[in-house]
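Keep the viewer open while you read.

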Amino acid sequence: MGRIVKLYKNETFFMEFSSIKDAAVYVQEKCPELIPERCWDIVNFGIDDDKPWFNDGNSYLFSANEEVKAKRAKRVTRK
């Protein structure tokens, strides 16, 4: 089972993804000019550090529950 990721647009709930991968694919579809690694960074920085992503004059924030954040906190791939 994937990890549920929520997306907030301008601080309002916008949509939900069934996995982190699905969230990264959404970013890639929205901004095809980005390299795939950057799409993952946008999602990961939102989940891990509460850093928003700004696009087309909007603020987007990817989020997951605290249990997911805690499990991800010490992963080797963390930037």
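Which residues in α1 meet which residues in α2?

## The helix pair

On the α1 side they are Ile20, Lys21, Ala23, Ala24, Val27 and Gln28, and in α2 they meet Pro36, Cys39, Trp40, Ile42, Val43, Asn44 and Ile47. Contact here means heavy atoms within 4.5 Å. Helices (H or I, at least four residues) and strands (E, at least two) are DSSP runs, numbered from the N terminus.

The axes of α1 and α2 lie 8 Å apart, and the packing angle is about 125 degrees. Axes are lines fitted to C-alpha atoms, for helices over the stretch in contact, with angles running from 0 to 180 degrees between N-to-C directions. The two helices, α1 and α2, are therefore oblique to each other; the cut-offs are under 35 degrees for roughly parallel, over 145 for roughly antiparallel, 65 to 115 for roughly perpendicular, and oblique for the rest.

Residues are numbered from 1 along each chain as its sequence is written, and side-chain values use heavy atoms, with hydrogens and water left out.

The average pLDDT (the predictor's confidence in each residue, from 0 to 100) is 91 for the chain, and 92% of the residues score at least 70. Where pLDDT is low, the predicted coordinates should not be read in detail.

## The core

The largest nonpolar core has 18 residues, and those touching the most other members are Val5, Phe17, Val27, Val43, Ile47, Trp53 and Phe62. At least two residues each come from β1 (5–9), α1 (20–30), α2 (36–49) and β4 (58–63), with α1 giving the most, 5 residues. Such a core is a set of buried Ala, Val, Leu, Ile, Met, Phe, Trp, Tyr and Cys residues joined through side-chain atoms within 4.5 Å.

Beyond its neighbours within four places in sequence, Ile47 is in contact with Val5, Ile20, Phe62, Ser63, Ala64, Lys69 and Arg72.

## Two residues up close

Is Tyr26 buried or exposed? Tyr26, in helix α1, is buried, with a relative accessible area of 16%; buried means under 20%, exposed over 50%, partly exposed in between (1.4 Å probe, protein chains only). Not counting residues up to four places away in sequence, Tyr26 touches Leu7, Phe14, Met15, Phe17 and Phe62.

Lys9 belongs to strand β1 and is partly exposed at 26%. With residues up to four places away set aside, Lys9 touches Phe14, Asn58, Ser59 and Tyr60. The C-alpha atoms of Lys9 and Phe62 are separated by 9.0 Å, although these residues are 53 apart along the chain.

## Positive phi

Most residues other than glycine have a negative phi. Asp50, in the loop between α2 and β3 (53–55), has a positive phi of about 55 degrees and is partly exposed at 44%. Asp56 has a positive phi of about 50 degrees; this residue is in the loop between β3 and β4 and is exposed, at 67%.

Terms used:
This is a predicted model: local features need pLDDT of at least 70, side-chain atom pairs count only at pLDDT 80 or more; totals for chains, interfaces and linings use all residues.
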